[in-house]
Amino acid sequence: MRLLHTERLTIETPTGVRPYAILSHRWLADHEEISFQDLQHTQAPPGEGPRNIYTRATFPLNVQSKQGFAKFLGACNNASRAGLEYIWIDTCCIDKTSSAELSEAINSMHAWYQDSAVCYVYLHDFDDDVDLRSALEKVDWFKRGWTLQELIAPENVYFFNKDWIKIGSKATWAPILSKLTHIRKDVLLGNPCTPSIAEKMSWAAGRKTKKIEDRAYSLMGLFGIHMPIIYGEGEKAFRRLQLEIMKSSDDQTIFAWHDSLTHPNPVRDRGLLASAPDIFSRKASPVVTIDHSYFIKNVLRNHNTFRNMQRGYSILNDGIHITLPMKQVGVDVWLAVLRCKRENQEFPYGIYLKERPDCHDFLRTSPTKLLTLESADLEGLGLHTIRVVVDHHILPAVSRRQFFTFQLTYTSWEPCGYYVCPKPGGCHDVAQGIGYRVLNPDDRIELSDNVQCGCIYWQGLGGKVTVLLIGIEHRRPWVHLLTHVDLHQYVDTSQLFCQTIYDAPSSVTLSPTSIQSSDKTDFGQLSPLETSPATSVRSSPIPPSRSQSLSHTSVGTHNRSQQRHFSTSYVTQLRGGGTGCPVCSIIQHYPTVNMKDIKNSRVDFVAERMSDKQIEVDIRKGQVRVSESEATLEVNYVISVTMS
């Protein structure tokens, strides 16, 4: 344990046991606090003259200019005036660049505060101009996770305002602090008492920490346990904390929690352990354990049935093995009686458990209900040794929408279209899908999970059609590229080109949108459409730039400069495919296209060498956002197409 000399202001590791002060405070931004590294270049030797007269270290200007420097000096000065040679300050007495040292410090923190001669609590936001209760309610120090043990562990705690003026102590403020923190006065004053697990957890309810794991790590000392520090494990840290507590305690109040009714999915099944300290309720009457013998003789009132009831439980890799008084109250639903209650209750708490027939274990169900039982609820109970799942934390059901967008790495956007098949492999009309659509550069194609399949197709200037199948399987996208010569038979490419139909077969006049076409264009190779003998159909291939829309909407037109009337429209007849779904037609005609294999493989990159070019397609996750208006999660996947 490193300590800071209160006169020399240097870090030392004294031998033997020395009394020391300890600081508790609300951290500023990390770069504004005095760090361990800041003190490495300020070592100063003892000054000349009488013994115990020291020369204080000098600090560079960049250290003195930090917001935390005044707090640092104030703590040292108060400790020195109290006759204490050393003080421990968490910002500068731990080398946080060492994970091993940080882990040791976190596991030892409670003991260091407990062993201190005095704890100085620095309240930088205490308002001296209002009454004490109102001022303390606004102080951020009482809302933080780490400060809980810093309030309880030390025997002597003094509070200071921002000017380092002493304004009170834990002992003198005990009645107010008890109401403010929901911690019993006996606990604050160090009087003999044994708070239950649930009561200790309730003290931490509503407190915040910078890192989610610290909500668990800051409670280790209160329960007298130690465990490895693993930043990055998230909410699993709190589960590990509970499992460590259970290894040395048979206190069933650890199961006496309930979710809030405002929880986004309050009726879902859960594991037996709590998800956070917040779901242990804070009330005037604390949750207490019931003595095992008293529970059997006086509460259950059937000594013969329950005399062999085990008081403990075991934790194995398949769950918690526990013996509980239970009775069935519904289909697969059981009422289990816990050996705990509120201090002012007559009867114990109960929880609902749900049996999973295929797994032969139980889940906590209806987690918003922590039942205050009555005498009738204790009738018909039997003793059952069961296995309960430790953690069955299912996230609330969130509606999910999935979209595909396209990103092209070549300059010209070839004419593209798409169609969404509602049920790949079936036989249905195109009308049962969304119909053929022109694919614009900024379009988003929405697909549902595991069911729908998108068919993206584009046609080159030579008339050759390329097809890309896309879909979502178990929330993972997949792509499948097809470059067969006869794919034009299965998709409608008519809308990829503006079609002009004339009432005279000998007349060839381009529509107004096709004036950019070259006179040398071979119209006969551009569209694979079947045409009626009574009409002459010509296509105008206009590969727009990225900024142009591919969706050209053409309407009936009367050309006043000519005597003949013409109209521009789209032909929707398919060659070979009739009016059937193109995805289903492709699946039926190409044995190599096996939708089950395609979905299971979930390919995210394909490359195909064609006679005139190389095509590469890959897919990645794009922007993910929550739509507040619809309370849905929108996930966007970006398909990149490279042609060379």
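Modeller: Let's start at His182, which comes just after helix α6 and takes a positive phi of about 65°. Helices here are DSSP runs of H or I with at least four residues, strands are runs of E with at least two, and both are numbered from the N terminus. Please keep in mind that this is a predicted model, where local features need pLDDT of at least 70 and side-chain atom pairs count only at pLDDT 80 or more, while totals for chains, interfaces and linings use all residues. Residues are numbered from 1 along each chain as its sequence is written, and side-chain values use heavy atoms, with hydrogens and water left out.

Helix α6 itself spans residues 174–181, and its buried residues are Ala174, Leu177, Ser178, Leu180 and Thr181. Buried means under 20% relative accessible area, exposed means over 50%, and partly exposed is in between (1.4 Å probe, protein chains only). The cover over these residues includes α4 (132–137), α5, β6 and α7 (185–189).

One of those covering helices, α5 (residues 147–152), holds Gln149. That residue is buried, at a relative accessible area of 1%. Beyond its neighbours within four places in sequence, Gln149 is in contact with Met109, His110, Pro154, Ser218, Gly221 and Leu222; contact means heavy atoms within 4.5 Å.

Strand β6 takes us to a sheet. Seven strands make up this open sheet, in the order β2-β1-β4-β3-β5-β6-β7, with mixed pairing; two strands pair if DSSP finds at least two bridges between them. The edges are β2 (11–12) and β7 (166–169), each with a single partner strand, so one side of each lacks a neighbour in the sheet. Strand β6 (residues 157–160) pairs with β7 in the antiparallel sense over three bridges, and Phe159 has Gly168 of β7 as its bridge partner. Helix α3 (residues 99–115) packs on this sheet, touching β3 (20–25), β4 (86–88) and β5 (118–122), and its direction makes about 120° with that of β3. For such angles, axes are lines fitted to C-alpha atoms, for helices over the stretch in contact, and the angles run from 0 to 180 degrees between N-to-C directions.

There is another sheet to visit. Five strands form it, open and antiparallel, in the order β19-β18-β21-β22-β23. Its edge strands, β19 (437–438) and β23 (476–482), each pair on one side only. Strand β22 (residues 465–473) meets β23 in the antiparallel sense over seven bridges, with Val467 opposite Leu482 and Ile472 opposite Pro477. The two strands form a hairpin with two residues between them, and His474 in the turn has a positive phi of about 50°. Five of the seven residues of β23 are buried, so this strand is largely enclosed by the rest of the structure. Helix α14 (residues 582–589) packs on the sheet, touching β18 (416–421), β21 (453–459), β22 and β23, at about 80° to the direction of β18.

Finally, a word on confidence. The protein chain averages a pLDDT of 81, and 79% of the residues score at least 70; pLDDT is the predictor's confidence in each residue, from 0 to 100. Among the chain's elements, β5 has the highest mean pLDDT (98) and β26 (residues 556–557) the lowest (36). Over residues 498–578, pLDDT stays under 50. Where pLDDT is low, the predicted coordinates should not be read in detail.
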